[in-house]
Amino acid sequence: MLKLTPSLFNRLLFGAFVFMVFSCTTSQSEPLDHLVFRYNEHKNIGSLDPAFSKDLADIWATHQLFNGLVQMDDQLNVKPCIAKNWTISDSAKTYTFTLRDDVFFHKHELFNPSPSLGNQDSTRHVTASDFEYSFNRLKDKAIASPGSWVLNKVENFSAINDSTFQIKLKQAFPAYLGLLTMKYCSVVPKEIVEHYGNDFRSHPIGTGPFKFKRWEENLKLVFRRNNTYFETDSTNQQLPYLEAVAITFLPDKQSEFLQFAQGNIDFVSGLDGSYKDEILTTVGQLKPNYANNVKMIRGPYLNTEYLAFYMETKANTIQSLKLRKAINVGFDRDKMMTYLRNGIGIPANGGFIPKGLPGYDATIGYNYNPELAKQLVSEFKAETGIKNPEITLTTTSNYLSFCEFIQRELQKTGLLVKVDVIPPSSLKDAKANGQVDFFRASWIADYPDAENYLSLYYSKNFAPNGPNYTHFKNAEFDTMYEAAYLETNYEKRIELYTKMDSLIMASAPIVPMFYDEVVRFTRKNVTGLGINATNLLELKSVKKSELKN
């Protein structure tokens with residue numbers, strides 16, 4: 001069990017206080033516990049305005065309140081949402097969306113009453129003009145939305161009529177529908193946004209399965225069921241099933257887990273070092289004392305954790321393909337996952353594209369081969385005359401254990417590795433400006449298409465003006481990357497992605513460590529909580545059953 005240290009005792013007191021405040025402020029009109037889904041957000045929430053939904057905490061919250069033209073299912077397929085269908089024309093540059101006619105904004109006194117819902121409800125239909133307003137707002141420099149980049153490839157957009165919205169791209173971009181699933185592209189009502197101005201962040205009105213109830217920042221956030229929501233389940237029952245969502249803000253993962261263990265919250269996401277050994281065995285299974293009451297859901301996450309080389313450095317250790325390959329085969333990724341992650345995470349023996357994303361190929365990477373690693377290091381020594389080759393690996397404190405593991409493994413090959421720990425902000429600036437030769441990095445997909453990963457190796461994306469931090473350059477890769485933009489055949493485009501990934505691995509400008517996994521723990525009375533590779537929290541289909549004494 002967890003040890004009750006003084007600091008842990010203080011956190012428990014704080015957690016008990018938050019729970020007590022939430023309980024004491026609950027009115028008689030609040031729904032029964034089995035109709036409320038409770039979770040904690042330890043990172044806090046900055047805004048409920050979808051135009052600022054950059055961080056996962058904000059995305060989870062705004063996803064319950066807002067909808068866009070399209071949405072992503074758990075298999076990363078783009079599905080209809082407010083747009084019931086669409087056509088793609090003009091050599092894949094023009095997207096024409098037909099909107100549903102039964103989507104309403106959440107009730108607000110500023111709306112004129114909608115006759116179709118009865119005069120007691122102040123709301124109105126969503127029209128194509130609302131999307132035109134929302135997209136214009138997204139690119140408004142005065143708003144300064146961090147999501148404005150999703151419109152960089154757009155030539156123009158317009159409401160053709162109330163039910164038809166059209167987007168024209170500057171050039172074909174097959175992944176564009178995936179971008180439109182991001183919360184940045186949600187529809188918002190002009191009259192409400194302009195009434196609240198910047199305070200729309202805390203007075204959100206959307207179309208989602210839940211509507212905003214109240215927000216006491218740093219303490220609690222409550223959503224209630226949207227009784228006019230337009231989506232239904234396979235039996236034609238209206239969604240959502242829950243009556244409310246309640247979010248608390250305990251400041252750290254350990255306190256969050258303790259609240260989950262005590263049954264005060266329904267869900268915990270991720271595997272934190274403060275509790276991983278408490279709940280899981282070394283091979284990633286639930287321990288017996290949790291197995292009766294807790295469910296664990298896990299699946300691929302679109303996040304590749306890796307080491308990267310700066311290819312324009314003058315250091316002969318970095319310039320040597322043999323040494324780069326020696327590092328790739330010189331440590332045991334399976335062992336690293338077992339001892340440092342309790343088996344959570346997929347050893348990266350494939351390429352840079354993570355498992356779970358079309359284009360991934362498990363055969364194009366490197367497998368543990370200590371004898372080959374020793375041979376490659378010996379050949380480097382013989383060719384250069386360097387008796388004790390040394391390389392510096394720069395990382396942050398959060399990943400020190402991984403880098404030290406690799407350091408120990410590589411020393412057995414004859415390669416000395418010095419680990420330099422710097423703050424995250426310093427590493428971010430250093431890798432953007434080519435000031436570190438060998439560094440730890442990760443890439444989480446902005447949108448679910450392998451192009452997002454391969455853009456890191458396109459020569460025109462050299463950092464700091466793009467995400468190519470390695471300054472990898474290859475004419476054949478660039479040609480295939482540009483061809484993929486124009487390829488409208490899905491299977492052929494995926495084939496190009498895999499070829500590009502294979503070419504990257506042959507040149508070894510990176511050392512993939514592992515592909516992350518989404519891990520979720522829920523109480524066993526929770527059903528319908530799925531899992532997806534973008535770690536999106538989907539609550540509209542969740543049910544809770546009553547706990548029996």
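**Ground rules.** I am working with a predicted model, in which local features need pLDDT of at least 70 and side-chain atom pairs count only at pLDDT 80 or more, while totals for chains, interfaces and linings use all residues. Residues are numbered from 1 along each chain as its sequence is written, and side-chain values use heavy atoms, with hydrogens and water left out.

**Overall form.** I looked up the secondary structure and found 17 helices and 19 strands, where helices (H or I, at least four residues) and strands (E, at least two) are DSSP runs numbered from the N terminus. The radius of gyration (taken over C-alpha atoms) is 25 Å, close to the 24 Å that the globule rule (2.2 Å times the number of residues to the power 0.38) gives for 549 residues, so the protein is as compact as a globular protein of that length. Along the principal axes, I noted that the C-alpha atoms fill a box of roughly 85 × 65 × 40 Å.

**Salt bridges.** My search of the whole structure gave 22 salt bridges, each being a side-chain nitrogen of Lys or Arg within 4 Å of a carboxyl oxygen of Asp or Glu.

One of them joins K544 to D33, with the closest N and O atoms 3.6 Å apart. This pair links distant parts of the chain, since K544 lies in strand β19 (residues 543-544) and D33 in the loop between α1 (6-24) and β1 (36-40), 511 residues apart. I checked both partners for burial: K544 counts as buried at 8% relative accessibility, whereas D33 is partly exposed at 43%.

Another salt bridge brings together R137 and D49, at 2.4 Å from N to O. Here too distant parts of the chain are linked, with R137 in helix α3 (residues 128-139) and D49 in the loop between β1 and α2 (56-65), 88 residues apart. Both R137 and D49 are buried.

I also found D130 and R124 meeting in a salt bridge at 2.7 Å, N to O, and D130 counts as buried, at 5% relative accessibility. Finally, I noted that salt bridges with shared partners join D33, R38, D266 and K544 into one network.

Terms used. Buried < 20%, exposed > 50% of the residue type's maximum accessible area, 1.4 Å probe, protein only.
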